[in-house]
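Dear colleague,

I am handing over the structure below, together with some notes on what was found in it. Please have the sequence and the 3D view open while you read.

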Amino acid sequence: MAFREISPEELRDNPFTLINKDWMLITAGNKESHNTMTASWGGVGELWGRYVSTIYIRPQRYTLEFVEREDYYSLCFFDESYRPALNFCGSKSGRDYDKDKETDLTPCFDQAAPYYQQARLVFLCRKLYRQDMAEDSFLDKEVLAKNYPQNDLHRMFIGEIVKVLERV
């Protein structure tokens, strides 16, 4: 499958639908070692004069090691036929499974971060900022209680969207 580069302004997708309903794979690493995970929390927008993505990863997720290690990560969006692969990548750990093999997804390594050949849309992002969420920063304690009963608060990353690839 071929991709063409587009500018972020050319996106035709609703970002709320892309992330919350369609889901995405967050992927980082290299040819020797990479991992991916499904996410339905995150955002895109403008910050510091740059187009950015914001992602959230819990401390126990294997993908966190790869995002921490690398300067870049990718966000991949798929059509609905890949929902089983996204379910697998969100429910199984790369410590225990080869997610690429199990899902028949094909990683590409021709950019700064791995991404998937089957994706219909890819954001390549360069990390700019990270911060751990803090319990005392929650103004609405119900959000904390509902989403973090095990106190496994996310680490947030803000990445500059350096390239957007759209499948042709």
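This is a predicted model, and a search through the whole of it turns up seven aromatic pairs. One of these is formed by phenylalanine 3 and tyrosine 115, whose ring centres are 5.5 Å apart and whose planes stand at 80°, so the pair is edge-to-face. Because phenylalanine 3 belongs to strand S1 (residues 3–6) and tyrosine 115 to strand S8 (residues 115–116), this pair ties together parts that are 112 residues apart in sequence. Tyrosine 115 itself counts as buried, at 3% relative accessibility. Phenylalanine 88 and tyrosine 97 also form an edge-to-face pair, with 5.4 Å from centre to centre and 85° between the planes. Of these two residues, phenylalanine 88 is buried, with a relative accessible area of 16%, whereas tyrosine 97, at 34% relative accessibility, counts as partly exposed.

The next element to look at is helix H1, which spans residues 15–22 and whose buried residues are Leu18, Ile19 and Asp22. When the helix is seen down its axis, these buried residues fall within an arc of 120°, so they line one face of H1. The face turned away from that buried side carries the exposed residues Phe16 and Lys21. As for what covers the buried residues of H1, the list includes the strands S2 (24–29), S3 (34–39), S4 (42–47), S6 (72–77) and S9 (121–132), together with helix H3 (83–91). At the start of H1, a side-chain oxygen of asparagine 14 comes to within 2.7 Å of the backbone nitrogen of phenylalanine 16.

Just after H1 comes tryptophan 23, which is found in the loop between H1 and S2. Tryptophan 23 is partly exposed, with a relative accessible area of 22%, and the charged end of arginine 83 sits over its ring, 4.1 Å from the ring centre.

A positive phi is also found at aspartate 104, where the angle is about 60° although the residue is not a glycine. Aspartate 104 has its place in the loop between helix H4 (99–103) and strand S7 (107–108), and at 64% relative accessibility it counts as exposed.

How many of the residues of S2 are buried? Six of its six residues are, and the strand can therefore be described as mostly covered, since buried here means under 20% relative accessible area. In a regular strand, the side chains alternate between the two faces of the sheet. In S2, Met24, Ile26 and Ala28 point one way while Leu25, Thr27 and Gly29 point the other way, and all of them are buried.

With best regards

Methods. Residues numbered from 1 in each chain as written. Predicted model: local features only at pLDDT ≥ 70, side-chain atom pairs only at ≥ 80, totals over all residues. Heavy atoms only, no water. Buried < 20%, exposed > 50% of the residue type's maximum accessible area, 1.4 Å probe, protein only. Helix = DSSP H or I, 4+ residues; strand = E, 2+ residues; numbered from the N terminus. Arc of directions from axis to C-beta. Contact = heavy atoms within 4.5 Å. Polar contact = N/O pair within 3.5 Å; in protein donor to acceptor, adjacent residues only side chain to side chain. Phe/Tyr/Trp six-rings, centres within 6.5 Å; stacked < 30°, edge-to-face > 60°. Lys NZ or Arg CZ within 6 Å of the ring centre and 35° of its normal.
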